[in-house]
Amino acid sequence: VRKLRTMEVEMRYLPLTPSDRQAMLGVIGAKSIDDLFADVPAEAQLDGPIHGLPNHASEMAVERHFSNLARQNMTASHTPFFLGAGAYKHHVPASVDHIIQRGEFLTAYTPYQPEIAQGTLQMLFEFQTQVARLFGCDVANASMYDRSTACWEAIGMAGRITKRTKAVLSSGLHPHYVSVAKTMAQYTGDTLDTALPELSPATDSARLLGAIDDETSCVVVQYPDILGRIEDLSAIAAKAHEHGALLIAVVTEPVALGAIKAPGEMGADIVVGEGQSLGVGLQFGGPYVGLFACKEKFVRQMPGRLCGETVDAEGKRGFVLTLSTREQHIRREKATSNICTNSGLCALAFSIHLTLLGEKGLRGLAELNHSLAVQAADRLSQIAGVELVNDTFFNEFTLKLPKEARPVVRALADRKVLGGVSLGRLYPDVDALANGLVVAVTEAATMEDVETFAGALQEVLA
């Protein structure tokens, strides 16, 4: 009996024997398990238990400890908040949270069995329709993991379509997205033509146009870009198509598309982005929901899964999982992707919020965002030494301060104001960007918040 119990414990926690592990390592060509972590910097790896943590504690003690830690956070709901750069504070109606908890929706499981998942499938079908219309594309998938991985998936998709490996990335593309692309390109052989942004009202469209050639698979442009600048993509699309390349547009703020032209209408072949602004709270960085849309002729190279409408045996309207191009569950060697997890619950929240708004409501929300941002930009740029960098923006713009922005942001936080994202944080090794401050203003901010921000900034810069 003692032996059986020991075996049960071992099987529960240690299902592989040492010989099993050695056999697996031999197949992949690794000498030890440590080889699997070679890409993780040594300073980020633990060499033992986490220092300072007890080996055990009661549940109540743990709850009390973490509650005390949580109280040290400065949350978006309790302070003037102007952070953005890919994650935005918008008001999410209480009805969104109520509806996503309905039994027919509250699951993250892929609906392979349509007969018991009609609610989830219909929601995903509507979500796809909304994303396609928002982005100005023919077809959208049932969501991606997040915006940075969606961006890389688009680059990989362009390579499969064009049979080329050179991607030209705009300097206005979020540096985190560029970082993810560089990480993945190490293993695919893709070449990334990248550049750093400049604190200038002009984008790097001239550089992009000059870099496109017959070896280019795609051009990747953020819209609006990391500094908040807005560029007409038509010329870039035309030049890319002239050389057989694709244009990929990245949208981090979907609310902006209630006011500005959709990328697909300007010739973008693939449009990806982040849906967090609609229905999904900031949540300290995630989980979020990646958006992915493209022209219909490219649909079989699109990662992820696609829900479609059909009829059942009785002729009644129904929904099914129509296309799963990665085929990871059938033929993994034919997969277009292996990181295209869809974010079902966040996609549902996005779809509910957008449905509640409707087209008129989205346009109204976009107008309110832009109006508040213009007023904030005018007020902040009146402060001595503060310069507004870009004269075209939606709800996010960049200020050039008379001193390094990172300590200014910290000083503002000490005064209970979360006053934007410093470019020094995003580009820590680029001195030319150190004085840049990206400020986002949504409908969640008031003019009283703007005045508080302006007063604190003037005090810090004095």
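How much accessible surface does the protein chain have, and what share of it belongs to carbon and sulfur atoms? The total comes to about 23,600 Å², with 53% belonging to carbon and sulfur atoms; areas are from the Shrake-Rupley method with a 1.4 Å probe, and for residues only the protein chains shown count as cover.

A note before the views: this is a predicted model, where local features need pLDDT of at least 70 and side-chain atom pairs count only at pLDDT 80 or more, while totals for chains, interfaces and linings use all residues. Residues are numbered from 1 along each chain as its sequence is written, and side-chain values use heavy atoms, with hydrogens and water left out.

View 1. Helices (H or I, at least four residues) and strands (E, at least two) are DSSP runs, numbered from the N terminus. Along its principal axes, the C-alpha trace spans about 80 × 60 × 45 Å. Buried residues make up 48% of the 462; buried is under 20% relative accessible area, exposed is over 50%, and partly exposed is in between (1.4 Å probe, protein chains only). Of the contacts (heavy atoms within 4.5 Å) with a separation of 6 or more, 71% are between residues 24 or more positions apart.

**View 2. The largest nonpolar core, with 62 residues.** A nonpolar core here is a set of buried Ala, Val, Leu, Ile, Met, Phe, Trp, Tyr and Cys residues joined through side-chain atoms within 4.5 Å. F127, V131, F135, V219, L247 and F350 have the most contacts inside this core. Among the elements that each supply at least two of its residues are α5 (118–135), β4 (216–222), β5 (246–251) and α10 (344–380). The largest share, 10 residues, comes from α10. Zoom in on V131: leaving aside residues up to four places away in sequence, it touches A140, L291, A293 and F350. A second, separate core has 31 residues, including L173, A181, F292 and L306.

**View 3. Strand β7, covered on both faces.** Five of the five residues of β7 are buried, so the strand is largely enclosed by the rest of the structure. In a regular strand the side chains alternate between the two faces of the sheet. Here G290, F292 and C294 sit on one side, with L291 and A293 on the other. β7 pairs with β6 (residues 270–274) in the antiparallel sense over five bridges, and with β1 (residues 139–140), also antiparallel, over two bridges. Two strands count as paired if DSSP finds at least two bridges between them. A293 is the bridge partner of V271 and also stands opposite A140, whereas C294 is the partner of V139.

View 4. The seven-strand sheet has mixed pairing and runs in the order β1-β7-β6-β5-β4-β2-β3. Its edges are β1 and β3 (191–193), each with a single partner strand, so one side of each lacks a neighbour in the sheet. The four-strand sheet has antiparallel pairing, in the order β10-β11-β13-β12. Its edge strands, β10 (387–388) and β12 (421–422), each pair on one side only. Between β12 and β13 (residues 436–440) there are two bridges, and S422 has L437 as its bridge partner.

View 5. The structure holds zero disulfides, taking a disulfide as a pair of cysteine sulfur atoms within 2.5 Å.

View 6. Most residues other than glycine have a negative phi, and most peptide bonds are trans. The bond from Y223 to P224 is cis, with omega near -15°, and P224 is in the loop between β4 and α9. Another cis bond joins G286 and P287, with omega about 10°. The loop between β6 and β7 holds P287 and also F284, a non-glycine residue with a positive phi of about 55°. F284 is exposed, at 71% relative accessible area, whereas A85, with phi near 55°, is buried at 12%.
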